[in-house]
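Please consult the sequence and the coordinates alongside the text.

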Amino acid sequence: MYVAVKGGEAAIANAHALLADRRRGDRSVPALRLDQIVEQLALGVDRVMSEGSLYDRELAALAIVQARGDMIEAIFLVRAYRTTLPRFGYTRAIDTGAMLVERRVSATYKDLPGGQLLGPTFDYTHRLLDPELAAGGEVAEPLQRASDADAMPRVSAILAREGLIEPDGDMPQDHIPGDITREPLEFPMARDIRLQALSRGDEGFLLALGYSTQRGYARNHPFVGEVRIGEVELELDVPELPFAVPLGSARVTECQMVNQFKGSTKAPPQFTRGYGLVFGQSERKAMAMALCDRALRATEFGEDVVAAAQDEEFVISHSDNVQATGFVEHLKLPHYVDFQAELDLVRRMRAEHDARENAGKAEEKREAAE
Amino acid sequence: MTAQPTDIATYNFAYLDEQTKRMIRRAILKGIAIPGYQVPFASREMPMPYGWGTGGVQVTASIIGPEDVLKVIDQGADDTTNAVSIRAFFKKVANVAVTTDTAKATIIQTRHRIPEHPLTAGQVLVYQVPIPEPLRFLEPRETETRKMHALEEYGLMHVKLYEDIARHGRIATTYAYPVKVEGRYVMDPSPTPKFDNPKMHRSPALQLFGAGREKRIYALPPFTDVVSLDFEDHPFEVQTFDQPCALCAAENVYLDEVILDDHGGHMFVCSDTDHCEKRREQGHRGHLAPETPPALEKREPAQ
């Protein structure tokens with residue numbers, strides 16, 4: 001006797017209780033505190049802030065622990081929270097030239113005003129697992145020189161003096177910067193919209209696409225003009241006040257990729273640029289973003305669009321990991337109504353096919369007998 | 001957890017802020033004004049994943065009021081897990097009355113089915129839509145498909161249907177079967193089986209379609225002409241089943257196949273669970289129905 005399955009509600013509640021238990025794990029191990037995550041898993045927190053599009057370390061840490069360390073799930077939690085927040089306004093454009101720089105390296109010049117500043121980097125570490133860290137050994141205080149009061153000029157500004165690099169570019173006077181969290185995406189899109197989408201795009205996806213451009217799929221000869229990481233001031237124009245109000249500062253990573261360009265009917269021979277900017281410290285993401293940005297500017301420079309990384313609709317439509325994971329994972333949901341319809345069709349077509357086969361075989365036998 | 005929750009994160013009533021609801025209502029009104037046209041809207045992240053009904057949830061969240069009665073179905077059933085989850089979401093964030101009774105609901109959110117019980121004026125059917133663009137599998141680019149709609153250039157779709165007939169002897173589309181709305185826009189009815197397409201035609205209920213991930217809303221105002229695409233010599237046909245529902249003996253309804261054992265035993269039962277239960281309450285009995293109806297006590301969703 002068949003009784004239709006009921007009790008979905010109880011099953012869901014029990015599954016979530018089990019999830020909470022597994023998330024907490026062995027109760028004899030102390031529970032993680034948010035400040036521990038903020039301080040000691042800082043780059044994970046940065047990724048969640050960057051792709052979650054919300055600059056709040058504590059919330060990102062909460063999302064990470066709630067998601068059991070699943071980064072895309074954590075990013076999703078943050079996105080679903082930020083989207084409910086009222087919008088007070090838009091800050092002035094940040095000035096990364098005035099950044100309080102903690103790290104800045106250029107691959108195009110041996111030395112340059114402001115110097116090369118390694119900062120807190122994994123570069124040149126030997127990737128040997130550290131048993132002392134496992135033992136909880138003390139960590140020595142770092143050496144830091146007093147910061148220069150002078151701002152570090154951006155490499156793009158240095159090259160621009162010779163006119164050998166394309167300028168920053170201007171938007172029309174009446175151009176209002178888009179906001180991908182408030183307006184539907186439409187193709188083709190302006191570069192400001194595209195950069196926003198890339199900045200919150202999935203690190204792995206952009207990394208793979210950027211990598212593909214290096215391996216010859218839309219190769220554009222990149223040099224890291226500069227990568228810089230540090231704090232920038234945020235300022236908001238308030239209608240009642242004659243000056244911009246400082247809101248605080250945010251830590252960002254900026255990458256200016258300099259790309260060779262032989263010139264075309266649309267532009268003279270010069271260096272072109274790809275741009276990357278993300279919240280927190282993530283050179284990998286900023287560099288991948290800059291490679292993708294340059295690749296996506298192909299039509300602007302009259303280049304042939306021949307590879308995936310140059311295809312705006314392909315890249316931007318598939319760069320958002322929250323969308324991607326949702327749609328891929330929705331295949332878990334019941335589809336038995338549609339499957340039933342397909343099953344019925346395949347059965348009918350199969351029956352017709354088999355009937356034809358049998359008729360054909362009977363015909364062959366008859367002919368052979370004759 | 002013994003710790004007191006902190007006020008580190010709080011959510012607005014009914015989840016969406018009022019400005020967002022206004023934006024979505026404007027998109028809905030535009031959709032109603034141009035039946036079958038896909039209106040781009042600034043879809044929000046929702047607390048359930050994209051692809052799991054976020055478009056439908058945003059539409060429902062924007063139109064629901066405290067006096068509404070909500071029904072949520074998935075595959076025709078009220079008790080499939082995602083329907084349970086969405087219903088629980090609205091109970092939690094909007095504190096509305098919920099029901100499984102099609103006739104009592106003012107808003108019905110659905111995935112993949114239209115209820116068997118005829119809808120009436122004043123009811124709203126909200127569809128969850130994964131891919132709103134009926135031409136997407138023929139042309140992957142949005143820039144191209146929008147042009148095709150603008151120019152009413154639907155030849156490609158007819159060619160596809162014709163090729164089906166040439167190759168398979170029939171139109172091999174069984175769900176998400178394309179329809180033409182008011183003689184103008186070709187529309188994706190969402191992945192409902194084509195069995196349900198005729199129910200859309202001149203329905204007295206308002207039908208709203210939300211695609212969250214693809215950021216599109218479209219609509220069929222009451223009594224809109226919705227015609228499934230076909231050819232004179234290959235007219236549109238719905239699925240038929242050889243046997244009635246094994247539990248309630250209903251005919252001319254959509255049935256799910258249920259596997260009974262591991263050597264081919266199966267039965268067909270109503271996909272619309274509410275419809276099936278109502279019929280059994282009225283005394284209809286299928287050939288595999290239990291002697292005494294087991295769990296027919298009024299099953300209201302848990303609090």
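## Position of Pro172(A)

In which loop of chain A is the place of Pro172(A)? Pro172(A) sits in the loop between α7 (155-160) and α8 (191-199) of chain A; helices (H or I, at least four residues) and strands (E, at least two) are DSSP runs, numbered from the N terminus. Pro172(A) is exposed, with 7 other C-beta atoms within 10 Å. A residue counts as buried if 20 or more other C-beta atoms lie within 10 Å of its own, as exposed if 12 or fewer do, and as partly exposed in between, the C-beta atoms being placed from the backbone. Between Pro172(A) and Glu357(A) there are 185 residues in sequence and 68 Å in space, C-alpha to C-alpha.

## Basis of the model

This is a predicted model, in which local features need pLDDT of at least 70 and side-chain atom pairs count only at pLDDT 80 or more, while totals for chains, interfaces and linings use all residues. Residues are numbered from 1 along each chain as its sequence is written, and chains are lettered from A and ligands numbered from 1 in the order in which they are written.

## Domains of chain A

The domain assignment of chain A, which is automatic or taken from a database, gives domain 1 (10-82) and domain 2 (96-123 + 148-169 + 176-326). The C-alpha centres of these two domains of chain A are 28 Å apart. In all, 12 residues of domain 1 of chain A are in contact with 14 residues of domain 2 of chain A; contact requires that the C-beta atoms of two residues, placed from the backbone, lie within 7 Å.

On the side of domain 1 of chain A that touches domain 2 of chain A, the elements giving two or more residues are α3 (42-52) and α5 (71-82) of chain A. The largest share, six residues, comes from α3(A). By class, this side of domain 1 of chain A has six nonpolar, two polar and four charged residues. Ala, Val, Leu, Ile, Met, Phe, Trp, Tyr, Cys and Pro count as nonpolar, Asp, Glu, Lys and Arg as charged, and the others, Gly among them, as polar.

## Helix α4 of chain A

Helix α4 (residues 57-66) of chain A contains the buried residues Leu59(A), Ala60(A), Ala61(A), Leu62(A), Ala63(A) and Ile64(A). Their cover includes α2 (34-40), α3 and α5 of chain A. Just after α4(A), Arg68(A) adopts a positive phi of about 60 degrees.

## The sheet of chain B

Chain B has an open, mixed sheet of seven strands in the order β1-β9-β8-β5-β4-β2-β3; two strands pair if DSSP finds at least two bridges between them. Since β1 (39-40) and β3 (97-98) of chain B stand at the edges with a single partner strand each, one side of each has no neighbour in the sheet. β1(B) pairs with β9 (residues 216-220) of chain B in the antiparallel sense over two bridges, and Val39(B) stands opposite Ile217(B) in β9(B). Helix α2 (residues 54-63) of chain B packs on the sheet, touching β4 (107-111), β5 (124-128), β8 (206-211) and β9 of chain B. The direction of α2(B) makes about 150 degrees with that of β5(B).

All five residues of β5(B) are buried, so this strand is largely enclosed by the rest of the structure. Val124(B), Val126(B) and Gln128(B) lie on one side of β5(B), with Leu125(B) and Tyr127(B) on the other. β4(B) and β5(B) pair in the parallel sense over four bridges, and Gln109(B) has Val126(B) as its bridge partner in β5(B). Five bridges join β5(B) to β8(B), which run parallel; in β8(B), Phe209(B) is the bridge partner of Tyr127(B).

## Helices α1 and α2 of chain B

The axes of helix α1 (residues 18-33) of chain B and α2(B) come within 9 Å and cross at roughly 105 degrees. α1(B) is therefore roughly perpendicular to α2(B), a term that covers 65 to 115 degrees. Axes are lines fitted to C-alpha atoms, for helices over the stretch in contact, and angles run from 0 to 180 degrees between N-to-C directions. Lys21(B), Ile24(B), Arg25(B) and Ile28(B) in α1(B) meet Gln58(B), Val59(B), Ala61(B) and Ser62(B) in α2(B).

Conventions. Angles under 35 degrees count as roughly parallel, over 145 as roughly antiparallel, 65 to 115 as roughly perpendicular and the rest as oblique.
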